[in-house]
Amino acid sequence: MRLISICPSNTELAAYLGLADSLVAIDDFSDWPERVNELPKLGPDLSINMDLVEQHKPDLVLASLSVPGMEKNIEELKKRNIPHLVLNPQSFKDIGDDLLAVGRAAGAEKRAEDIVSRYHQFLDEYREISEKIKDRPSVYFEWWPNPIFTPGGVNWLTEMCELAGGTNLFKDVDLASVQTDWSDVAERDPDHICLAWVGVKQSRMKISHVLKRQHSECVAAVRENRIHLLEEQLYCRPSPRLLHGLAKLADILHPGVYPKPGALDDLQLRI
């Protein structure tokens, strides 16, 4: 089967299902696993070159609605009658369901069922530990600095926080993504600040970006030196790689309580 992925998380789903070798082209931002970087690129995930997509004659395009603005890709796929599957996960369960959906569509159903079973076993292990934790610090995730965007209650990072023994600072907002400002964040006074800017390398984020903000010294996370620079690909892409992010976040919030992240380096093989 000739597959095309036009979203990084979908490329990762395909890889977990053993379908990386079936990919014939990908969006510009897909970069995992490393060997997909040799594939032809189709443009940024918000503005895919559909002429190039057609030229590759795909049997199936793995599309997404995980980022606002991707709707136009779906509209164009429909207009051109290109076979496609649209994914829009907001939770860990959704990601498992998407693995099964892609597996069924691409002839890898048995492998998908095996992977999803182990995926949920991993989550259940963390859920069991989390339920015993009483001291649950608040965590502010920053997806974008200006204007500020942060995950709301309808998002996998809220669930990740719970599994890691914490609480998403904006879990009370019934949205997947919340636009807010620093004064609102500071007033909520998070115990931890986690920067994971979408599409920005970890090396380009600096703690000084937060320290320069008005009255940042009054925020508990700043006073206690709890500002964390995270790999956006482990927190912003709805694929099983989020389990790596969960392992790291749990170790940040509760050192020694959860398995060490270093023990999970082979996670992509285990699940």
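Analyst: Two strands are said to pair if DSSP finds at least two bridges between them. The model shown here is predicted. An instance of such pairing is strand β5 (residues 138-142) with strand β10 (residues 192-195): four bridges join them, and they run parallel. Within this pair, Y140 has I193 of β10 as its bridge partner.

User: To which sheet do β5 and β10 belong, and in what order do its strands lie?

Analyst: Strands of a sheet pair through backbone hydrogen bonds, either parallel or antiparallel. Here the sheet is open and has four strands in the order β8-β5-β10-β11, with parallel pairing. At its edges are β8 (167-168) and β11 (227-229), each of which pairs on one side only.

User: How is a β-α-β unit to be read, and which elements make one here?

Analyst: One follows the path from a strand, over a helix, to a second strand, and asks for its handedness. In this model β3, helix α3 (residues 71-79) and β4 make such a unit, and it is right-handed. Strand β3 (residues 60-64) and strand β4 (residues 84-87) run parallel and are joined by four bridges. A63 has V86 in β4 as its bridge partner.

User: Turning to helices, what is the length of α10, and how does it compare with the expected span?

Analyst: An α-helix has 3.6 residues a turn, so residues three or four places apart point the same way. Helix α10 (residues 242-253) has twelve residues; from its first C-alpha to its last it reaches 16 Å, close to the 16 Å expected at 1.5 Å a residue.

User: Which backbone angles deserve a second look?

Analyst: Most residues other than glycine have a negative phi, and most peptide bonds are trans. The bond from W32 to P33 is cis, with omega near -5°, and P33 lies in the loop between β2 (23-26) and α2 (50-55). N146 and P147 are likewise joined by a cis peptide bond, with omega about -5°; P147 is in the loop between β6 (144-145) and β7 (148-151).

User: Where are the residues with positive phi, K57 and N225, and are they buried or exposed?

Analyst: K57 has a phi near 50° and sits in the loop between α2 and β3. Its relative accessibility is 62%, so K57 counts as exposed. N225, with a phi of about 55°, occupies the loop between α9 (220-223) and β11. N225 is also exposed, with a relative accessible area of 63%.

User: What lines the largest pocket, and how much space lies in it?

Analyst: A pocket may be read by its volume, then by its lining. About 950 Å³ of space lies in the largest pocket. Its lining comprises 32 residues, and V67, V198, G199, E232 and C236 are those nearest the centre. By class, the lining residues divide into 18 nonpolar, eight polar and six charged.

User: How far apart are V257 and G165 in sequence and in space?

Analyst: V257 and G165 are separated by 92 residues in sequence, and their C-alpha atoms are 9.7 Å apart in space. V257 belongs to the loop between α10 and α11 (267-270) and is partly exposed, with a relative accessible area of 43%.

Definitions and conventions: Residues are numbered from 1 along each chain as its sequence is written. This is a predicted model: local features need pLDDT of at least 70, side-chain atom pairs count only at pLDDT 80 or more; totals for chains, interfaces and linings use all residues. Side-chain values use heavy atoms; hydrogens and water are left out. Helices (H or I, at least four residues) and strands (E, at least two) are DSSP runs, numbered from the N terminus. The expected span of a helix is 1.5 Å times one less than its number of residues. On a 1 Å grid over the protein atoms alone, a cavity is a set of points where a 1.4 Å probe fits but cannot get out, and a pocket is an open set with protein on both sides within 12 Å along at least five of seven lines; lining residues have an atom within 4 Å of a point. Grid points are joined across faces, edges and corners, and a volume is the space filled by probe spheres set on the points. Ala, Val, Leu, Ile, Met, Phe, Trp, Tyr, Cys and Pro count as nonpolar, Asp, Glu, Lys and Arg as charged, and the others, Gly among them, as polar. Buried means under 20% relative accessible area, exposed over 50%, partly exposed in between (1.4 Å probe, protein chains only).
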